[in-house]
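Visitor: I am new to this structure. Please show me how to read it, feature by feature.

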Amino acid sequence: MRVLVVVDMQNDFIDGALGTKEAEAIVGNVREKIGQYLENGDAVLYTRDTHTEQYLETQEGRNLPVKHCVRGTRGWEIREDVYRENCVVVDKPSFGSTELPGVIAGLSGQKGSPESIEMVGLCTDICVISNAMILKAGFPEVPITVDASCCAGVTPESHRNALYAMQICQIRVTNIS
């Protein structure tokens with residue numbers, strides 16, 4: 001089974017508190033990619049950055065003092081035109097989810113490793129790279145790919161830097177422009 005991990009395609013990262021024009025620009029590509037996976041009968045899994053009202057009191061909040069993705073708010077929700085029903089959603093309190101490898105191994109009753117993992121979403125330089133590294137550690141022999149045309153970083157430069165760093169760690173990066 002192939003798995004698509006859609007990282008943090010939430011309103012706050014697209015057009016909300018931390019949104020960018022680059023994030024808005026990838027929405028159509030991400031929707032198309034999700035459609036392809038579902039048409040092929042493959043698994044689609046979403047991660048969702050999840051904070052509390054006390055976010056600004058956390059280490060992350062002190063370093064990035066912009067309240068975002070607070071559970072139950074519009075900003076926390078996965079963008080409506082990107083989310084597909086009946087897909088697994090993994091809430092994560094930080095950049096990466098240490099639960100992600102176990103959730104992927106258990107998808108559809110599968111034990112062990114998927115055939116491949118592809119990653120898309122936001123932000124390339126924070127949450128995509130964090131989760132890609134966790135998955136590479138959890139599945140060292142599974143090909144992991146990041147589609148650059150379906151990702152956006154905090155800045156175009158940090159997006160490119162993250163793509164390069166993932167390539168160095170043997171994560172395949174496709175569609176680099």
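**Reading the features**

Guide: Start with Pro-101, which counts as buried at 14% relative accessibility. Buried means under 20% relative accessible area, exposed over 50%, and partly exposed in between, with a 1.4 Å probe and protein chains only. This is a predicted model: local features need pLDDT of at least 70, side-chain atom pairs count only at pLDDT 80 or more, and totals for chains, interfaces and linings use all residues. Residues are numbered from 1 along each chain as its sequence is written, and side-chain values use heavy atoms, with hydrogens and water left out.

Visitor: Where does Pro-101 lie?

Guide: Pro-101 is in helix H4, residues 100-106. Helices (H or I, at least four residues) and strands (E, at least two) are DSSP runs, numbered from the N terminus.

Visitor: Which residues does Pro-101 touch?

Guide: Contact means heavy atoms within 4.5 Å. Not counting residues up to four places away in sequence, Pro-101 touches Ile-134, Leu-135, Gly-138 and Phe-139. Its C-alpha is separated by 8.9 Å from that of Ser-113, 12 residues apart along the chain.

Visitor: Is Leu-100 buried or exposed?

Guide: Leu-100 is buried, with a relative accessible area of 0%. Leu-100 is also found in helix H4. Leaving aside neighbours within four places in sequence, it is in contact with Val-5, Leu-45, Thr-47, Val-90, Asn-131 and Leu-135.

Visitor: How do I read the span of helix H5?

Guide: The expected span of a helix is 1.5 Å times one less than its number of residues. Helix H5 (residues 124-138) has 15 residues and should span 21 Å; its end C-alpha atoms are 19 Å apart, which agrees.

Visitor: What covers the buried residues of H5?

Guide: The buried residues of H5 are Thr-124, Cys-127, Val-128, Ile-129, Asn-131, Ala-132, Leu-135 and Lys-136. Their cover includes E1, E3, H4, E4, E5 and helix H6 (156-168).

Visitor: How many residues has helix H2?

Guide: Helix H2 (residues 21-39) has 19 residues. From first C-alpha to last it reaches 29 Å, close to the expected 27 Å.

Visitor: Where does H2 bend?

Guide: The bend at a residue is the angle between axes fitted to the seven residues ending there and the seven starting there. H2 bends by about 35 degrees at Val-27. Just after H2, Gly-41 takes a positive phi of about 80 degrees.

Visitor: What do the buried residues of H2 pack against?

Guide: Among the buried residues of H2 are Ala-23, Ile-26, Val-27 and Tyr-37. The buried residues of H2 pack against strand E1 (2-7), helix H1 (11-14), strand E2 (43-49), strand E4 (116-122) and strand E5 (144-152).

Visitor: In what sense do E4 and E5 pair?

Guide: Two strands pair if DSSP finds at least two bridges between them. E4 and E5 pair in the parallel sense over 5 bridges. The bridge partner of Met-119 in E5 is Val-146. E5 is mostly covered, with 8 of its 9 residues buried.

Visitor: How many aromatic pairs are found in the whole structure?

Guide: Rings of Phe, Tyr and Trp (its six-membered ring) pair if their centres lie within 6.5 Å; planes under 30 degrees apart count as stacked, over 60 as edge-to-face and the rest as tilted. A search of the whole structure finds 1 aromatic pair. Tyr-46 and Tyr-83 form this tilted pair, 5.2 Å centre to centre, with 45 degrees between the planes. Tyr-46 lies in strand E2 and Tyr-83 in the loop between helix H3 (59-63) and strand E3 (88-92), so the pair ties together parts 37 residues apart in sequence. Tyr-46 is buried, with a relative accessible area of 0%. Tyr-83 counts as partly exposed, at 27% relative accessibility.
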